[in-house]
Amino acid sequence: MLLDLLFLFALLYTLQILFFALGASNAHYRSDAAYRPTVSVIVAARNEEANLRHCLDSLSRLTYPKEKLEVLVVNDHSTDGTGSIINDFARRYSFIQSLNAVDDSSGKLHGKTNAIAQGIEHTTGEIILFTDADCVVQKRWVEETVKYYNEPCVGLVAGFTSLRARTSFEAIQALDWFVLFSIAAGTNRLRFPVTAVGNNLSVRREAYDAVGGYRTIPFSVTEDYALFHAITRTKRYVARFPIDARTLVFSLPCESWKHLFNQKKRWFTGGAEMDWKSLSLFGLGYAFKALLVVTLAVGHIAAFLSAFALKTVLDAVLAWPALRAFNARRLLWYFLPFEIYYIFYVLLFPPLVIFSRNVSWKERTFEQR
């Protein structure tokens with residue numbers, strides 16, 4: 001019975017991943033390279049003195065026409081030198097502005113969501129781009145992103161993020177992001193939008209206003225996920241998630257297992273609000289991974305190794321278009337340890353989220369209701 005179930009879910013998982021891979025391999029869209037709307041870039045920073053200069057250095061080199069560009073850096077109650085760094089760049093560059101976030105008087109907005117919402121309210125761009133304080137963007141990041149807003153129905157455009165991968169621990173995280181982003185890009189291309197990540201995300205202001213913005217969207221510890229779904233659920237707007245090396249953003253991996261645990265806990269807690277279609281897709285993968293572990297535990301070694309090898313090959317096929325496009329093929333050497341890590345955390349976090357919806361992030365604790 002167990003082996004029959006393993007075979008069934010292996011078959012279903014194969015079909016699912018090949019479906020995702022088909023979408024990812026075709027995650028290319030028509031664009032208008034001449035489109036030049038007004039643009040606002042927003043960065044919310046909390047206690048980021050170690051990383052923020054690199055981020056702002058890259059933003060200061062943006063080649064987008066400065067008369068159509070504003071960069072707003074929101075100091076989210078930092079207790080280190082973050083504020084001084086922001087003010088220094090604001091003095092040196094006329095298109096970079098600073099804003100100190102204040103606590104939301106209505107009590108509806110919390111943490112990073114509050115900082116981003118205030119940032120949006122203080123900007124005027126037709127297109128709003130978001131990145132994080134530990135990220136570095138390419139100098140043509142803005143024009144290469146906004147070119148995908150070539151139709152009025154495009155409400156969001158998301159991009160990939162590449163993590164530094166100097167060690168095995170970092171390489172595993174980088175692969176994880178490429179696999180998860182490939183799923184997001186693939187499902188979006190197949191008109192089944194699942195998610196996007198806020199360190200390389202943009203939104204049409206008209207679409208943001210149409211859903212009432214963050215003051216109307218229910219609070220989520222993954223504010224990017226909440227915004228993505230609020231807009232795509234309207235059916236009035238669509239998302240674009242291209243595999244485009246020119247829109248790639250670079251970020252830093254988690255420095256420790258504790259930091260990584262908190263990151264995954266936050267993602268899974270926010271993802272618990274996904275709709276039944278997304279849950280069914282995730283549930284299939286979860287069941288297959290659980291059956292793999294059970295098969296190994298009861299001693300069916302040959303069956304486990306066969307199924308594990310199949311899963312590894314399928315996940316590599318899924319990630320391949322991104323690894324090739326972003327010149328990250330060397331990460332394939334880390335695919336075996338990545339698969340072990342991938343199975344472990346996917347099985348671990350859903351039960352944790354069921355029993356605890358509290359999330360600790362940036363020295364603050366939030367509860368996802």
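**Close-up views of a predicted model**

**View 1. Contacts between helix α6 and helix α11 in this predicted model.** On the side of α6, the residues L175, F178, V179, S182 and I183 take part, and they meet D315, L318, A319, A322 and L323, which belong to α11. Helix α6 covers residues 168-189 and helix α11 covers residues 301-325, and the two pack with their axes 9 Å apart, at an angle of about 90 degrees. Because angles from 65 to 115 degrees count as roughly perpendicular, α6 is described as roughly perpendicular to α11.

View 2. When its neighbours within four places in sequence are left aside, I243 is in contact with A24, A27, H28, F160, A185, P321, A322, A325 and F326. One of these contacts, A322, is also among the α11 residues that meet α6. Y208, by comparison, is 35 residues from I243 in sequence, and the C-alpha atoms of these two residues are 24 Å apart in space.

**View 3. A nonpolar patch on the surface that includes F7.** The patch is formed by M1, L5, F7, L8, L11, L12 and L15, which together have about 710 Å² of accessible area. F7 lies in helix α1, which spans residues 2-25. With a relative accessible area of 60%, F7 is exposed, because that word is used for values over 50%.

Definitions and conventions:
Residues are numbered from 1 along each chain as its sequence is written. This is a predicted model: local features need pLDDT of at least 70, side-chain atom pairs count only at pLDDT 80 or more; totals for chains, interfaces and linings use all residues. Side-chain values use heavy atoms; hydrogens and water are left out. Patches are made of residues with over 30% relative accessible area and no salt bridge: like charges are joined within 9 Å, nonpolar side chains (Val, Leu, Ile, Met, Phe, Trp, Tyr) within 5 Å. Accessible areas come from the Shrake-Rupley method with a 1.4 Å probe; for residues, only the protein chains shown count as cover. A salt bridge is a side-chain nitrogen of Lys or Arg within 4 Å of a carboxyl oxygen of Asp or Glu. Helices (H or I, at least four residues) and strands (E, at least two) are DSSP runs, numbered from the N terminus. Buried means under 20% relative accessible area, exposed over 50%, partly exposed in between (1.4 Å probe, protein chains only). Axes are lines fitted to C-alpha atoms, for helices over the stretch in contact, and angles run from 0 to 180 degrees between N-to-C directions. Angles under 35 degrees count as roughly parallel, over 145 as roughly antiparallel, 65 to 115 as roughly perpendicular and the rest as oblique. Contact means heavy atoms within 4.5 Å.
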